Amino acid sequence: MGSGVQEQRASLAQGEVLPLASSSQSEHTRPVLNSLFSGALAGALAKTAVAPLDRTKIIFQVSSARFSAKEAYRLIYRTYLKDGFFSLWRGNSATMVRVIPYAAIQFCAHEQYKRLLGGYYGFQGKALPPFPRLLAGSMAGTTAAMLTYPLDMVRARMAVTPKEMYSNILHVFVRISREEGLKTLYRGFNPTMLGVIPYAGISFFTYETLKKLHAERSERPHPYLYERLAFGACAGLLGQSASYPLDVVRRRMQTAGVTGHTYSTIFGTMKEIVSEEGVIRGLYKGLSMNWVKGPIAVGISFTTFDLTQILLRKLHQMGHTTR
């Protein structure tokens, strides 16, 4: 003990800088902050890119009008003529308020769950086996959805109502709370949770699996840009197809207050949709648009997250080498 103190004093006498006690703590917090930032950027870019398609899909989901690609195009074109080009992004500010924390939490949680499950199953620092890989994605999606749900509710309301009804995000919160009660902000929560488990699980599982197979067969640790986009597109296609009926139910329950319906339970909502519109035209309404929108959004999201993470690591390494 005494010799250690003497060595420390000798080092200080020679002008040597001792490492700070907080440096190890910063090494733990830096990856978390990096993944939060990368996830936020990934979500913002992905959702902004497909916002007009997303808004159109929600409008069809919450109405009894029959969906077709032709009708979707007409709706987009009529909106453009009536309210202008930027009206196609109406509700995108609410989307950003919701999607930035959602994506940040989801990607960050996924990295942490991968690390925890890797330690539990003995695969620390390596690709997880299939079941933990699926579990990490589902847990990440569930965590993010639970923490940001009211923002998703607000975003759905803004997407399907005229701009005269709600002037901004805060106005939506205030008016719903006053006219429909605070519980309304969580209407559609159960189908959201049931839907996000297969959606996030399958999306992350597919993307991580394709990257793993690519690394094994190509012997390249990092896929090219177009390969990442393709892996993400496959992940989005499979994930959204698996959970789509619950997405329709969620939107119907979220917008019931402005569409004149009284959807209260998952089963009751599904039953009413099927009786009025049929299984395919009701529960899968807008799925073909999702097959265009989903792969683009998820491909951009996963690719942006990976590339931002790589860039931040390189910047950190450069900062170390210049010291």
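Morning, everyone. Ground rules first. This is a predicted model, where local features need pLDDT of at least 70, side-chain atom pairs count only at pLDDT 80 or more, and totals for chains, interfaces and linings use all residues. Residues are numbered from 1 along each chain as its sequence is written, and side-chain values use heavy atoms, with hydrogens and water left out.

Confidence next. pLDDT is the predictor's confidence in each residue, on a scale from 0 to 100. The protein averages 83. Of its residues, 89% reach 70 or more. Among the elements, helix α8, residues 189-218, has the highest mean pLDDT, at 93. Helix α1, residues 2-13, has the lowest, at 45. Across residues 4-22 the pLDDT is below 50. That stretch has four contacts in the model beyond near neighbours in sequence. Contact here means heavy atoms within 4.5 Å.

Now the overall fold. We have 13 helices and zero strands. Both are DSSP runs numbered from the N terminus: helices are H or I with at least four residues, strands are E with at least two. Of the 323 residues, 45% count as buried. The cut-offs: buried is under 20% relative accessible area, exposed is over 50%, and partly exposed is in between, with a 1.4 Å probe and protein chains only. Take the contacts with a separation of 6 or more: residues 24 or more positions apart account for 77% of them.

Nine of its 11 residues are buried, so α3 is largely enclosed by the rest of the structure. Among the buried ones are D54, R55 and K57. I58 and F60 are buried too.

On to packing. Axes are lines fitted to C-alpha atoms, for helices over the stretch in contact, and angles run from 0 to 180 degrees between N-to-C directions. Under 35 degrees counts as roughly parallel, over 145 as roughly antiparallel, 65 to 115 as roughly perpendicular, and the rest as oblique.

Start with α8 and α9. Their angle is about 170°, and their axes are 8 Å apart. The two helices are therefore roughly antiparallel. By class, their contact has 15 nonpolar, nine polar and four charged residues. For the classes, Ala, Val, Leu, Ile, Met, Phe, Trp, Tyr, Cys and Pro are nonpolar, Asp, Glu, Lys and Arg are charged, and the others, Gly among them, are polar.

In the loop between α8 and α9 sits E219. Its phi is near 60°, a positive value in a residue other than glycine. Most residues other than glycine have a negative phi. E219 is exposed, at 70% relative accessible area.

Next, α9 and α11. Helix α9 is residues 225-254, and α11 is residues 266-277. They pack at about 100°, axes 10 Å apart. That makes α9 roughly perpendicular to α11. On the α9 side, the contact includes L246, V248 and V249. On the α11 side, I266, M270 and I273 are among the residues involved. The classes come to eight nonpolar, one polar and two charged.

Then α6 and α9. Here the angle is about 75°, with axes 9 Å apart. So α6 and α9 are roughly perpendicular to each other. Y149, D152, M153, R155, A156 and R157 in α6 meet R250, R251 and Q254 in α9. By class, that is three nonpolar, one polar and five charged residues.

Which residue does the side chain of D152 make a polar contact with? The partner is the side chain of R250, at 2.3 Å. A polar contact is a pair of N or O atoms within 3.5 Å; within protein, one must be able to donate a hydrogen and the other to accept it, and residues adjacent in sequence count only if both atoms are side-chain atoms. D152 lies in α6, residues 130-160. D152 is buried, at 1% relative accessible area. Leaving aside neighbours within four places in sequence, D152 is in contact with R98, R250, R251 and Q254.

R250 turns up again with T192. T192 is in α8. T192 counts as buried, at 9%. Beyond neighbours within four places in sequence, T192 is in contact with A145, Y149 and R250.

Last one: L170, in α7, residues 169-179. L170 is exposed, at 59% relative accessible area. Its C-alpha atom is 9.1 Å from that of V154, 16 residues away along the chain.

That's the tour. Thanks.
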